[in-house]
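Visitor: I would like a close look at one part of this model. Please keep it brisk and connect that part to its surroundings.

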Amino acid sequence: MLEPIMYEGGVFKHNLVIELIEDLGGYVLQTNYMQTEVMIQMLCPHEDVSMLEDLAKELRAKITRAPLTGTDIIVIAPTLSYHHLPHHACDVAEYMRRQGANTTLIGLARGVGRRIAQISAKERALTDEHDLAVFTLGNFEDCLMNEKYVLYKDIEVPCVITGTPELSTTPAYARAYVGHLGRIAHRLRNEGEIGALDKLAEVVGTILDEQRHEISKDPLTTHPARIMKEIKEQIPEINKSLSPAPITLQLMGARVKLPYSQYKEAIENIEFEEGPKLGEIARVLPSGVRDYMLIRILPKSVTGFVI
Amino acid sequence: MKPLEVFKVESPDETGAEAYDSVIRDVLADLELTTVLGRLWVEIDPAEPFFIFCALIRTGLPPIRVSDVADVTTGTPSSKQVILELTNEEYVPQLLGRLRMEYGHENIEQPDKKTMTITTEEMAEASKSIADTIIADPRREIEVRLADALLRITPEGFRVRHHVSTGSEMLFVASEDAIQPEWIKRAEGMMAELKEGSEMEVSGDA
């Protein structure tokens, strides 16, 4: 069992942390340098977390459990206009990013209004590529309960809805609802607003843990982080990508920011030391985001083994 | 009329009304319109659905003339020049644009930062007309900002709109369905009530 951990400390000697994680059989997912500070997202074997804690103490750094690490969340606003952005939707996306998630923020083309609200097939397919969707909706209970469900009723991934009122029941087709996060035209910084963001992060964390539990019933042939490591070692071009997260981990695979048309075969031919090639244990699909590719790892019930 | 002496946001959904109150205050503050509006009454019914916005605008912002930003004098008769000594530099770009359009680029000079000279045959007449020229109209800018604020405040899906705007009042009805005549009547009633308040205040002051 790998524990998602976030390390925040100075750049000085931080390579010791990376070496320790690699020695323990964990994975470093992302390293962000901010002048003299560094933030490392990693997966550490559960039984060895204490070793990491000791090292962090020695280096005067802080480590926290970040349940959203290694997940890919999409935040969806009804449109990209100033009615919904930048406050609220961007703050929600940024807050989850700080908890370790990779977030994508989109505005729907025609998501506004009540009777006229709609989502296109392309937008729906894009949403289904992620682990979870957060819809940042508005102020009125009537809209939330009776009208806006058309946006997420056909989406397969769990949907979390945010809005202003406190609802006694979760709107139909949604997995969860978080209140006090409706249409707001200022930055979320007041006590109640930060509290609502914390609640959202907690709700999203719980749903993702449930998803992980669901996946563990029929485990994936390999861990997505293992695929990330092999891609980094066997396809050096990935290091030339300017994206902050060239490989975005998901619960069931990863999104690789390399052109699908050029690299599909190279990715499928990645070899694992246990023998199989990546093409045998995962499906490589085109992603809806630019020309990127999506890797979906097959479960044990399909391949018959776990590596 | 004091700034925002009446500020009402009403809706059958009270939580929604409170949230809208906050959105409207934020938008008005962002666009520096808080002191421009005297009375504001917004009503939103998501079930109908309609959005009504009635506002009384505080008047008293005259257009800016050249004489407000500069002392206009005439030079010596032989120089054939009108001289502007600037007292306020805020509107110089508009002033220069206006003068160049009127008297030609080659006839306008700025020997130093706070002085402008205009060469013209009709010195006396020109100095008078220049002094009266309107170079900026804050009212117009406010109208533009107010229209922007309205579009930001109105629920985005409410794209069918009806508005009546005069110099001192603004009535706006929006919905995602066709506008019903009774909504407009309701808005007119609200506007009348807002204005009634202001008349009472005037008679009270007297």
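In which loop of chain A does A:H180 lie?

Guide: This is a predicted model, and every value below is computed from it. A:H180 lies in the loop between β9 and α6 of chain A. Its backbone deserves a look. Phi of A:H180 is positive, about 60°, although the residue is not a glycine. Is A:H180 buried or exposed? A:H180 has 21 C-beta neighbours inside 10 Å, so it counts as buried; the cut-off for that class is 20 or more.

A:R60 sits in the loop between α2 (49-58) and β4 (62-65) of chain A. A:R60 has 9 C-beta neighbours inside 10 Å and therefore counts as exposed.

Start with the strand. β9 belongs to an open sheet of five strands in chain A, ordered β6-β5-β7-β8-β9. The pairing is parallel. β9 (176-178) is an edge strand, as is β6 (102-107) of chain A; each pairs on one side only. From one strand to the next, the twist averages 20°.

Further inside that order, β5 (residues 72-77) and β7 (residues 132-136) of chain A pair in the parallel sense over four bridges.

Next, the helix. α6(A) lies across β5, β7, β8 (159-162) and β9 of chain A. Its direction is about 165° to β9(A).

A:P86 is found between β5 and α3 (89-98) of chain A. The peptide bond from A:L85 to A:P86 is cis, with omega near -5°. B:E48 and B:P49 are joined by a cis peptide bond, with omega about -5°. B:P49 is placed in the loop between β2 (37-45) and β3 (50-57) of chain B.

Step back to the domains. The assignment for chain A gives domain 1 (2-65), domain 2 (72-215) and domain 3 (224-303). The C-alpha centres of domain 2 and domain 3 of chain A lie 28 Å apart. Across that boundary, 10 residues of domain 2 of chain A are in contact with 10 residues of domain 3 of chain A. Here α6 returns. α6 (191-217) and α4 (121-128) of chain A each supply at least two residues of the domain 2 side that touches domain 3. That side of domain 2 divides into three nonpolar, two polar and five charged residues.

Finally, the whole chain. Chain A has 10 helices and 13 strands. Its radius of gyration is 20 Å, close to the 19 Å from the globule rule for 307 residues, so chain A is as compact as a globular protein of that length. The C-alpha atoms of chain A fill a box of roughly 55 × 45 × 35 Å along the principal axes. Buried residues make up 42% of the 307 residues in chain A. Of the contacts in chain A with a separation of 6 or more, 67% come from residues 24 or more positions apart.

Chain A also meets chain B: 23 residues of chain A are in contact with 16 residues of chain B. The chain A side divides into 10 nonpolar, eight polar and five charged residues.

Methods:
Residues are numbered from 1 along each chain as its sequence is written. Chains are lettered from A and ligands numbered from 1 in the order in which they are written. This is a predicted model: local features need pLDDT of at least 70, side-chain atom pairs count only at pLDDT 80 or more; totals for chains, interfaces and linings use all residues. Domain bounds come from an automatic or database domain assignment. Two residues are in contact if their C-beta atoms, placed from the backbone, lie within 7 Å. Ala, Val, Leu, Ile, Met, Phe, Trp, Tyr, Cys and Pro count as nonpolar, Asp, Glu, Lys and Arg as charged, and the others, Gly among them, as polar. Two strands pair if DSSP finds at least two bridges between them. Axes are lines fitted to C-alpha atoms, for helices over the stretch in contact, and angles run from 0 to 180 degrees between N-to-C directions. The radius of gyration is taken over C-alpha atoms; the globule rule is 2.2 Å times the number of residues to the power 0.38. A residue is buried if 20 or more other C-beta atoms lie within 10 Å of its own, exposed if 12 or fewer, and partly exposed in between; C-beta atoms are placed from the backbone.
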